[in-house]
Amino acid sequence: MAKLTKAQREWRPGMPKKRRSTKVMFASTVLLLEAFVAFFATLAVFGLKRGEVQPALILTFGITLSLVLILACAVLSKPWGIGVGWVLQLVLILSGFVEPTMFVVGVLFAACWWYGIRAGMRIDRENAQRDREQAEWNASHGEDSAGQSA
């Protein structure tokens, strides 16, 4: 039998499902897209600058950056996770010193990152407010009427 996750072990019938953070989902999406772009940019730099820079250095830096971008998704729910994401945005922008096109790509991804964080926080606030209002309504009207429609 498969091993159950902590959430599966703690679940009981009738428990509400915990809502996932929209901010974290948006931020993860941006970081994963950046990981793909960083990987393909690494291949482009490898092809264009192989004679100028050691190929092992190009591949090591590019693949490491791609992996760090992917692994950063795991820490986005931590208080310092968003800060790690901002540092990675800066690294992607600074990769423009190796391939100038990455200045533009990095700035565009930083704008996507900023908007994703901002919009995700707004949506999370709205969802929390909606959940509070729903809980108040359920408390005042009884739990059994929550699933019935008029």
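Predicted model: local features only at pLDDT ≥ 70, side-chain atom pairs only at ≥ 80, totals over all residues.
Good morning. A residue counts as buried when its relative accessible area is under 20%, and as exposed when that value is over 50%, with partly exposed in between. Ser 28, at 16% relative accessibility, is therefore buried.

Leaving aside residues up to four places away in sequence, Ser 28 touches Cys 73 and Leu 76. Cys 73 is itself buried, because its relative accessibility is 17%.

That brings me to the cysteines. How many disulfides does the structure have? The count is zero. For Cys 73, the nearest cysteine sulfur belongs to Cys 112 and is 15 Å away, whereas a disulfide would require the two sulfur atoms to be within 2.5 Å. Cys 112 is likewise in no disulfide. With a relative accessible area of 42%, Cys 112 is partly exposed.

I turn now to the annotated regions. An unreviewed UniProt entry places the feature "transmembrane region" at residues 24-46, 58-80 and 86-115. Two of these spans may be described in terms of the model. Residues 86-115 are 80% helix and 0% strand, with their end C-alpha atoms 12 Å apart.

Next, the charged side chains. The model contains two salt bridges. One of them joins Asp 131 to Arg 19, with 2.7 Å between the closest N and O atoms. Asp 131 is in helix 5, residues 101-141, while Arg 19 is in the loop between helix 1 (6-10) and helix 2 (22-48), so this pair ties together parts that are 112 residues apart in sequence. Both partners are partly exposed: Asp 131 has a relative accessibility of 36%, and Arg 19 has 45%.

The other bridge links Glu 126 with Arg 122, and here the closest N and O atoms are 3.3 Å apart. Where do Glu 126 and Arg 122 lie? Both are in helix 5, four residues apart, which is about one turn of the helix. Glu 126 is partly exposed at 37% relative accessible area, and Arg 122 is also partly exposed, at 37%.

A further charged residue, Arg 50, faces a ring. Its charged end sits over the ring of Phe 46, 4.9 Å from the ring centre.

Finally, I come to the aromatic residues. There are three aromatic pairs in the structure, and I shall present two, including that of Trp 86 and Trp 113. This pair is edge-to-face, at 6.3 Å centre to centre and with 85 degrees between the planes. Trp 86 lies in helix 4, residues 81-94, and Trp 113 in helix 5, so the pair ties together parts 27 residues apart in sequence. Is each tryptophan buried or partly exposed? Trp 86 is partly exposed, at 39% relative accessibility, whereas Trp 113 is buried, at 0%.

Another pair is formed by Phe 97 and Phe 103; their ring centres are 5.1 Å apart and their planes stand at 85 degrees, so this pair is edge-to-face. Phe 97 counts as exposed because its relative accessibility is 66%, while Phe 103 is partly exposed at 31%.

Thank you for your attention.

Methods
Residues numbered from 1 in each chain as written. Heavy atoms only, no water. UniProt positions renumbered as here; feature names shortened; annotations may be inferred. Helix = DSSP H or I, 4+ residues; strand = E, 2+ residues; numbered from the N terminus. Salt bridge = Lys/Arg side-chain N within 4 Å of Asp/Glu carboxyl O. Buried < 20%, exposed > 50% of the residue type's maximum accessible area, 1.4 Å probe, protein only. Contact = heavy atoms within 4.5 Å. Phe/Tyr/Trp six-rings, centres within 6.5 Å; stacked < 30°, edge-to-face > 60°. Lys NZ or Arg CZ within 6 Å of the ring centre and 35° of its normal.
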